[in-house]
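Q: I would like to learn how to read strand pairing and aromatic contacts in a model. Can we go through one case step by step?

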Amino acid sequence: MKIRPFGESALLVSLENTIDPVVNERIVRFYRKLKSSGEFTFLTPAYCSLTVGFDRTKFTIAQATEHVKTLCEHTDDLAETESRKITIPVCYSPSFAPDMEEVAKHTGLSSEKIIELHSQTTFRVFMLGFVAGFSYLGTLPDALHCPRKKTPRKSVAKGSVGLAGLQTGIYPVTAPGGWQIIGRTPLKMFDPARPQPNLVFAGDEVQFRPISPDEFKLIAIKVDTGIYETEIEYA
């Protein structure tokens, strides 16, 4: 574990530079430990690092570093957190999957096989970032690895599900982006009107469920009227 200054009022706690569930779980535990203390201004977990904001009127950089180090070294006393598995409905039909043909060409797989592999894999939420609520999920089966688009789109529709390298992700809002889009969910991944704006959090698991265009429309109506119940399993 390395801790270094990250600006004047933040620290960066980092582990091995890798996309790995075990490493990420340690970061999530650091995050939960520091959050439970209530002593920091913000906490942002990533794949293998945690950005920690602190109040300069309460800590010097040296004091904050030592305090964070002590807390991170004592995460064993944390109670086991209830794990969540969220099912995300996704329509993979051509009108929602503008890059399916490109992914098929790159991988050598049929669209049916791409959908099968993508929807039968359980993904870990490694981090949220890029824009509010954008979930970075991993890792993809080797057969689905593909590069980002050479020329990013100026606008990717809200709810779009994309592939990039080892990862799959969900656009929570309409935004520019270069991921290969293979589907779209009608769920609101980020909604500032909710008590918890994000639908998923680092450490959660996600599985995609293929749906038809008609089911997409029905779920979208339920989401907009507040009657849709997200499928969540607790363990």
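This is a predicted model: local features need pLDDT of at least 70, side-chain atom pairs count only at pLDDT 80 or more; totals for chains, interfaces and linings use all residues.

Q: In which sense do strands β5 and β13 pair, and over how many bridges?
A: Two strands count as paired if at least two bridges are found between them. Here β5 (residues 84-91) and β13 (residues 205-211) pair in the parallel sense, over seven bridges. For one of the residue contacts, look at Thr87, whose bridge partner in β13 is Gln207.

Q: Which way do β6 and β13 run, and how many bridges join them?
A: Strand β6 (residues 123-128) and β13 run antiparallel, and two bridges join them.

Q: How many aromatic pairs does a search of the whole structure find?
A: The search finds eleven. One of them is Phe40 with Phe59, with 6.3 Å between the centres and 10 degrees between the planes. Planes under 30 degrees apart count as stacked, and the Phe40-Phe59 pair is stacked. The pair links distant parts of the chain, 19 residues apart: Phe40 lies in the loop between α1 (21-37) and β3 (42-45), and Phe59 in the loop between β4 (49-53) and α2 (61-72).

Q: Are Phe40 and Phe59 buried or exposed?
A: Buried means under 20% relative accessible area. Phe40 is buried because its value is 13%. Phe59 is buried as well, at 14%.

Q: Which residues form one aromatic cluster?
A: The cluster consists of Tyr47, Phe126, Phe130, Phe134, Tyr136, Tyr171 and Trp179.

Key. Residues are numbered from 1 along each chain as its sequence is written. Side-chain values use heavy atoms; hydrogens and water are left out. Helices (H or I, at least four residues) and strands (E, at least two) are DSSP runs, numbered from the N terminus. Rings of Phe, Tyr and Trp (its six-membered ring) pair if their centres lie within 6.5 Å; planes under 30 degrees apart count as stacked, over 60 as edge-to-face and the rest as tilted. Buried means under 20% relative accessible area, exposed over 50%, partly exposed in between (1.4 Å probe, protein chains only).
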